[in-house]
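Subject: Structure handover

Hello,

Here is the structure for your work. My notes on it follow below.

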Amino acid sequence: METKTNAMRMLDKHRVQYKYYTYDATQAISGIEVATALGQNPKQVFKTLVTVGKSKQHYVFMIPVAEELDLKKAAIAAEEKSIEMVKSKELLGLTGYIHGGCSPLGMKKVFPTFVDDTATNFETIIFSAGKIGMQIETSLEGIRQIIPLKVASLTV
């Protein structure tokens, strides 16, 4: 096994069961390509998006890889006037992760985190393990054991 990521260490620490997958990051760039490379349903594979609200508070949103975050729905879920995406160059300093390898688990700081309500259609969801080329599969309850997680309608 490759070196464990912060996200995997968090799951281990909380004794949460998970599977991990690796893929050739040179062949799979987009989330849909990652889902295809893993032979998984794109509706079950989630991307992690980091945002900032008008209040300057940061939020994390997990949505299916083929979908787009609805910023108005995100703002409503976070009880903010407005929300915008964090710039890629700010991501590493803020979360400890780079664009394309951002996991909601194991960030430098725990941010309010929301998952799209479609995640409840699956026993488990798949998301970044915190490194490009690695994904984790676990349940929403498993994630909730590590970070506060709210379910909301988040996509366009």
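I start with I126. Leaving out residues up to four places away in sequence, I126 touches Y21, Q40, Q44, V45, F46, Q135, I136 and E137. Contact here means heavy atoms within 4.5 Å.

Two notes on the source. This is a predicted model, where local features need pLDDT of at least 70 and side-chain atom pairs count only at pLDDT 80 or more, while totals for chains, interfaces and linings use all residues. Residues are numbered from 1 along each chain as its sequence is written, and side-chain values use heavy atoms, with hydrogens and water left out.

**I126 and strand β6**

I126 is found in strand β6. Helices (H or I, at least four residues) and strands (E, at least two) are DSSP runs, numbered from the N terminus. I126 counts as buried because its relative accessibility is 0%. The cut-offs: buried is under 20% relative accessible area, exposed is over 50%, and partly exposed is in between (1.4 Å probe, protein chains only). I126 and P42 are 84 residues apart in sequence, yet 9.3 Å apart in space, C-alpha to C-alpha.

β6 and β7 pair in the antiparallel sense over four bridges. Strands pair if DSSP finds at least two bridges between them. In this pairing, I126 stands opposite E137 in β7. The hairpin of β6 and β7 has five residues between the strands, and G130 there takes a positive phi near 100°.

**The other strand pairs**

β2 and β3 pair in the antiparallel sense over seven bridges. T51 stands opposite Y59 in β3. These two strands form a hairpin with four residues between them.

Why is β3 largely enclosed by the rest of the structure? Seven of the seven residues of β3 are buried, so the strand is largely enclosed.

β3 also pairs with β5, in the parallel sense over three bridges. Here M62 stands opposite V115, and F61 stands opposite F114. T113 and V115 point one way from β5, F114 and D116 point the other way, and all are buried. β5 pairs with β8 (residues 149-152) too, in the parallel sense over four bridges. In that pair V115 stands opposite V151.

**Cores**

A nonpolar core is a set of buried Ala, Val, Leu, Ile, Met, Phe, Trp, Tyr and Cys residues joined through side-chain atoms within 4.5 Å. The largest has 29 residues. V50, M62, L105, V115, I125 and I143 have the most contacts inside this core. Elements giving two or more residues to this core are α1 (6-13), β2 (46-53), β3 (58-64), α4, β6 (125-128), β7 (134-138) and α5 (140-144). Another core, of twelve residues, lies apart from it; F61, I83, A152 and L154 are among them.

Take I125 from the largest core. Neighbours within four places in sequence aside, I125 is in contact with Q44, F46, M62, V115, A119, I136, E137, T138, L140 and I143.

**Positive phi in loops**

K56 is not a glycine, but has a positive phi of about 80°. K56 is found in the loop between β2 and β3. At 65% relative accessibility, K56 counts as exposed.

E79 is another residue other than glycine with a positive phi, near 55°. E79 lies in the loop between α3 (71-78) and β4 (83-85). E79 is exposed, with a relative accessible area of 76%.

**Salt bridges**

How many salt bridges does a search of the whole structure find? The search finds two. The criterion is a side-chain nitrogen of Lys or Arg within 4 Å of a carboxyl oxygen of Asp or Glu.

- K4 and D12 meet through their side chains (2.5 Å, N to O). K4 is partly exposed, at 30% relative accessible area. D12 is partly exposed, at 33%.
- R144 and E141 meet through their side chains (2.7 Å, N to O). R144 and E141 are three residues apart in helix α5, so about one helical turn separates them. R144 is partly exposed at 32% relative accessibility, and E141 is partly exposed at 48%.

Best regards
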